[in-house]
Amino acid sequence: MRSKTKYVPVPSKSILPERDAGRAPVLECIKLGITLGGIKAVEDFNLTVGRTEIVGLIGPNGAGKTTVFNLLTKVYQPTTGTILLNGQDTHGMDTRQVNKAGIARTFQNIRLFRNLSVIDNVKTAMNNEMNYNMVSAILRLPNYRREEVAAHRRALKLLSIFDMQSMADAPAGSLPYGAQRRLEIVRALATNPSLLLLDEPAAGMNPSETADLMDNIRKVHEMFQIAIILIEHDMSLVMNICEGICVLNFGHIIAKGTPDEIQNNPAVIEAYLGRKKEA
Amino acid sequence: MTFLNFFISGISLGSIYAIIALGYTMVYGISKMLNFAHGDVIMVGAYICFYAVVRYGLNPFLAVAVAMVLCSVLGIIVEGLAYKPLRQAPSLAVLITAIGMSYFLQNTALLLWSSNPKVFPSVVGRGAFHMFNGNLSVSHITALTIIVCLVIMVALSLFVSKTKMGKAMRACSEDKGAAQLMGINVNATISMTFAIGSGLAAIAGALLCSAYPTLMPTTGSLPGIKAFTAAVFGGIGSIPGAFLGGLMLGVIEIFAKAYISSQLSDAVVFGVLIVVLLVKPAGLLGKMTQEKV
Amino acid sequence: MTMRRLINLKRAEARRIYLTYAIVIAAYIICQVMSSTKFLSSSMRGMLVPICAYMVMAVSLNLVVGILGELSLGHAGFMSVGAFSGVATAILLQGFIPFAPVRLAIAMIVAAVFAAFAGFVIGIPVLRLKGDYLAIVTLAFGEIIKSILNNFYLGVDSQGLHFSMLSDTTRLLPGGKLIIRGPMGISGIQKIATFPAGFILLMIALMIVFNLVNSRSGRAFMAIRDDRIAAESIGLDITKYKMMAFVMSAALAGSAGALFAMNYSTIVANKFDFNTSILILVFVVLGGQGNMLGGIIAAAVLTILPEKLRSFSEYRMLLYAIVLIVMMLATNNAEIKEFLSRLNPFRHKEEA
């Protein structure tokens with residue numbers, strides 16, 4: 001089907017919400033692309049995300065959505081294009097440095113530290129804001145105690161956003177599925193990101209869990225005033241909470257705009273439902 | 001000419017490593033385990049050969065055939081008893097079990113055959129071919145080893161790519177679950193792999209002890225580790241990789257012994273391994289697999 | 001004690017840690033009493049120091065295998081670096097520090113430094129690799145260290161230290177002394193290693209490892225073990241933490257090596273071969289990965305057991321092999337586990 005879908009570049013139309021007007025965007029992708037195994041998995045990806053915007057990244061399976069996340073977090077190094085994060089070029093950075101620069105993410109297949117307790121999962125993510133060294137830890141010096149207590153308090157506070165403080169000491173791997181997804185979000189937030197990437201947060205959830213998740217994403221957005229990009233197949237969730245939506249198909253952006261615009265876009269409908277067979 | 005002499009003995013030693021490494025690599029490919037007991041199967045094969053020839057007066061080639069059959073059976077038994085129950089277990093548990101099996105074989109051999117070294121009779125006698133007015137001499141066993149290794153390599157490649165069982169092996173090493181769904185008998189395939197690997201080990205044992213004629217219960221362990229290194233060197237899981245890795249390791253070892261220092265030859269061999277893995281982290285012919293995110 | 005509630009030490013874990021300390025201390029006191037009342041046979045008394053050294057080895061390897069989750073097959077290499085550098089230091093200090101315990105302590109510290117350095121050098125290439133490849137490279141390094149020490153000569157004379165490789169070309173002045181003699185190793189070692197020293201070293205090792213595990217470094221180690229990609233995504237420096245664990249583990253192994261060596265009059269590099277590395281790994285695996293107390297108990301049992309089995313010495317290694325295989329099968333095979341639990345009359349009746 002690939003040959004049939006003719007690629008027409010989409011003009012880089014800004015979908016920045018009003019409140020972010022006048023503030024530099026948190027993320028700018030310019031002509032981002034990657035070739036994986038000879039296939040252009042993502043090509044000519046342009047996207048600007050406002051300081052506090054929630055953007056949905058949608059598209060059929062295999063469209064390259066997760067690949068975009070992997071490019072942003074430098075799991076893959078892009079073959080072409082530029083990623084500006086808070087105005088800073090991330091060229092040459094690795095996953096760790098991109099996280100320090102402000103991107104945190106969750107994973108499509110949950111990747112928790114399964115044998116660590118829930119709170120330790122969160123505290124591990126605070127590693128970079130702690131300063132005590134190995135000697136302080138071994139000798140239990142005052143700065144170790146001070147920083148550990150502070151981290152512990154903050155971790156509990158973060159967990160309480162999702163009502164998870166009661167599970168703090170349980171091993172992360174023992175949590176029910178939905179709680180694991182929430183913990184992944186808390187862990188990502190603990191790194192103080194300016195941009196949060198959520199990869200199918202509602203996958204495998206029932207409608208009521210999805211509704212709770214939606215509330216939680218709104219709550220996080222309000223509390224932390226950060227930008228969020230969200231990959232999701234649950235259209236009600238995407239249409240409800242995203243301010244801008246970007247549709248990918250075969251590695252190309254086929255549409256960009258507000259939820260209303262996207263819902264009525266013929267290219268999007270075609271990508272999802274397929275083209276009517278010509279007689 | 002000395003250079004050529006060293007080179008040929010390197011290729012010969014390397015051929016033995018290659019035959020052992022093929023066993024390692026096939027087993028690794030299919031069950032993702034480091035079978036540390038493989039080196040000791042070599043020793044068992046060599047002992048069987050030794051007794052078949054010395055005590056029962058069998059023709060040496062017939063003796064090797066007997067050793068191959070018995071070692072194959074041993075391989076199947078070892079796999080069935082010790083490794084099969086651990087298919088789902090963490091890899092470290094399987095590794096320790098394999099090491100336990102290695103100790104088991106060594107100590108059983110010690111009880112059965114004592115620790116006194118046996119002088120192994122060469123399968124083809126001690127003669128040599130002389131070339132270039134006697135400047136270059138290649139012993140019969142050296143020539144035989146190289147030829148046997150080439151034959152095994154070709155036969156194994158054909159087996160794996162052309163026969164139904166060979167294809168089943170490749171399918172199992174890619175994805176056991178999917179292979180099972182396609183109607184492949186995974187257990188039988190894994191047993192077969194161990195049987196072939198152990199049969200090859202028996203040949204390697206006979207060749208090794210023909211070239212270096214002291215046979216002890218610990219004879220197999222160092223060549224086993226070296227061959228394992230060779231398999232990693234070439235890219236573990238890859239049959240041509242094991243062949244190439246084995247040959248290169250043999251040549252490097254002989255050259256290191258000749259030109260650097262015989263005491264440090266092992267250090268040189270392992271040093272080269274480390275350098276190769278730094279440049280190519282999956283070995284010379286291995287393929288890098290990236291974890292899906 | 002709000003502190004304890006607040007800080008990471010969850011109750012069960014804290015209890016396990018204190019239990020470990022308590023058992024080690026109790027075992028030490030019992031052994032001391034038994035040994036002073038001649039309750040302990042002389043062969044057992046002779047094994048106290050090696051047992052301590054192996055326990056420290058188990059704790060130190062557990063940091064890499066159990067906590068960091070990387071397989072190392074060359075741990076005896078660090079032990080041997082520590083043994084040789086430690087003993088050489090002790091010999092060099094013989095004239096300056098007559099008080100043996102101080103000499104032993106300095107030797108163990110020097111051993112730790114040398115082994116840590118070896119760990120660092122080896123860590124640079126090793127830590128870029130993963131899984132089985134990392135394992136084979138540690139094996140290779142273990143063999144390289146053994147080869148080098150087998151061909152290393154170190155002597156001292158009035159001009160200072162001299163060393164050479166392959167053959168003794170140190171050309172010492174008259175009155176000089178050859179300390180390390182290649183394959184002959186070091187001989188004429190003063191046996192200054194004592195059981196109390198071994199106990200103290202074990203307590204220090206435990207303190208280091210437990211306190212490290214309950215700190216940001218330890219959490220990072222375990223996070224890397226559980227999911228490397230997620231660990232990177234939250235900004236952890238994988239190489240740094242792997243190196244930290246590796247170097248710390250090597251340093252502890254070095255001290256253990258020095259302690260071990262100074263319990264014998266002669267020490268050779270071949271003592272610390274692949275089989276020793278495997279032995280230590282077996283302690284860790286049998287004791288339970290990440291379980292320090294388990295590793296310590298396994299080290300003690302597996303060191304004493306072969307000695308006790310000496311009466312049927314021919315079968316003892318065979319028995320050892322069988323025990324190893326059966327233990328692995330019993331602890332890792334679901335059906336066998338199920339079968340064993342059915343045999344246990346005290347098991348919980350879960351099924352209704």
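Student: In this predicted model, which residues does Asp157(C) touch, not counting those up to four places away in sequence?
Tutor: Contact here requires C-beta atoms within 7 Å. With residues up to four places away in sequence left out, Asp157(C) touches Leu172(C), Leu173(C), Gly175(C) and Gly176(C).

Student: Which strand holds Asp157(C)?
Tutor: The strand covers residues 152-157 of chain C. Asp157(C) belongs to strand β1 of chain C.

Student: Is Asp157(C) buried, partly exposed or exposed?
Tutor: Burial needs 20 or more C-beta neighbours within 10 Å, and 12 or fewer means exposed. Asp157(C) has 16 inside 10 Å, so the residue counts as partly exposed.

Student: What distance separates the C-alpha atoms of Asp157(C) and Lys271(C)?
Tutor: Asp157(C) and Lys271(C) are 114 residues apart along the chain. Their C-alpha atoms are separated by 28 Å.

Student: What is the strand order in the open sheet of chain C?
Tutor: The sheet has three strands, with antiparallel pairing. The edge strands are β2 (160-165) and β3 (177-181) of chain C, each pairing on one side only. The twist averages 20° from one strand to the next. The order is β2-β1-β3.

Student: Which residue in β3(C) is the bridge partner of Val156(C)?
Tutor: Strands of a sheet pair through backbone hydrogen bonds. β1(C) and β3(C) pair in the antiparallel sense over four bridges. In β3(C), the partner of Val156(C) is Lys177(C).

Student: At about what angle to β3(C) does helix α4 of chain C run?
Tutor: Helix α4 spans residues 75-93 of chain C and lies across β1 and β3 of that chain. Relative to β3(C), helix α4 of chain C runs at about 170°.

Student: Turn to chain A. Why is chain A called as compact as a globular protein of its length?
Tutor: Its secondary structure comes to 10 helices and 10 strands. The globule rule gives 19 Å for 279 residues. Chain A is close to that, so it is as compact as a globular protein of that length, with a radius of gyration of 20 Å.

Student: How many Å does helix α6 of chain A reach from its first C-alpha to its last?
Tutor: Helix α6 (residues 177-189) of chain A has 13 residues. At 1.5 Å a residue, 18 Å is expected. The reach is close to that, at 19 Å.

Student: What covers the buried residues of α6(A)?
Tutor: The buried residues in α6(A) include Arg181(A), Leu183(A) and Leu189(A). Their cover includes β6 (103-105), α3 (118-125), α5 (142-161), β7 (195-199) and α7 (207-224) of chain A.

Technical notes: Residues numbered from 1 in each chain as written. Chains lettered and ligands numbered in written order. Predicted model: local features only at pLDDT ≥ 70, side-chain atom pairs only at ≥ 80, totals over all residues. Helix = DSSP H or I, 4+ residues; strand = E, 2+ residues; numbered from the N terminus. Rg over C-alpha atoms; globule rule 2.2 N^0.38 Å. Contact = placed C-beta atoms within 7 Å. Pairing = 2+ DSSP bridges. Axes fitted to C-alpha atoms, helices over the stretch in contact; angles between N-to-C directions. Expected span 1.5 Å × (residues − 1).
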